[in-house]
Amino acid sequence: MNGIVIHHTATTGTDASVEICRAGYAGLPSPLCHGVIDRDGGVHLVGYGRTNHAGAGDPDVLRAVIAEGPLPVDNEATVDGNSRMYGFECINTGAGQDWPEAQVDAMVRAAAAVCRVHGWSERSVIGHKDWQPSKIDRGRHRHERVPGAPIESGRRG
């Protein structure tokens, strides 16, 4: 594994969101991520090993994540991220819905825990938008401060 990709589910409701990520759906087999982070800050582990969350992404972004360097703008999708990245799906419609503080805190803490295990810094954490040019999931999920600090949002570059 080379890093972590943070996503939004484009769903509502904890039980339904966890179930779809655990069971998958027609055309996309399960599991769809390693963990689901609910709006109350709960982390539901649903998968291990390769999960179907990242899809194809930019090889320059992968190199930047591995090197923990600055992220380039993603402009191609030619490398499989599912076998290279951990994935956390965060329950949010992605249509302007707020991000509760408890959920953001859990996003930071879950990512920080995985980073600690691998000896990675926060620069190994990206948003799906950073990985794949066609995605709208929040970008730049690199938490630049200590665990517990808000995750940055908004594309740079």
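Residues are numbered from 1 along each chain as its sequence is written, and side-chain values use heavy atoms, with hydrogens and water left out.

**Confidence.** Colour the chain by pLDDT (the predictor's confidence in each residue, from 0 to 100). The mean for the protein chain is 86, and 86% of its residues reach 70 or more. Then select residues 140-157, where the pLDDT is below 50. Beyond near neighbours in sequence, this stretch has 63 contacts in the model (contact means heavy atoms within 4.5 Å). Where pLDDT is low, predicted coordinates should not be read in detail.

**Sheet.** Helices (H or I, at least four residues) and strands (E, at least two) are DSSP runs, numbered from the N terminus. Two strands pair if DSSP finds at least two bridges between them. Select the five strands of the open sheet, in the order 5-4-8-1-9 and with mixed pairing. Strand 5 (43-45) and strand 9 (125-127) are the edges, each pairing on one side only. Now select strand 1 (residues 3-8): three bridges join strand 1 to strand 9, and the two run parallel. V5 has I126 of strand 9 as its bridge partner.

**Helices.** Select helix 3 (residues 101-118), which packs on the sheet and touches strand 1, strand 4, strand 5, strand 8 and strand 9. The direction of helix 3 makes about 165° with that of strand 8; axes are lines fitted to C-alpha atoms, for helices over the stretch in contact, and angles run from 0 to 180 degrees between N-to-C directions. Next, select helix 1 (residues 14-23), which lies across strand 4 (35-37), strand 5 and strand 8 (85-90). Within helix 1, S17, V18 and C21 are buried (under 20% relative accessible area, 1.4 Å probe, protein chains only). The cover over the buried residues of helix 1 includes strand 2 (24-25), strand 4, strand 5 and strand 8.

**Core.** A nonpolar core is a set of buried Ala, Val, Leu, Ile, Met, Phe, Trp, Tyr and Cys residues joined through side-chain atoms within 4.5 Å. In the largest, of 15 residues, select I4, I6, I37 and F88, which have the most contacts inside it. Helix 3 gives the most to this core, with seven residues.

Conventions:
Predicted model: local features only at pLDDT ≥ 70, side-chain atom pairs only at ≥ 80, totals over all residues. Buried < 20%, exposed > 50% of the residue type's maximum accessible area, 1.4 Å probe, protein only.
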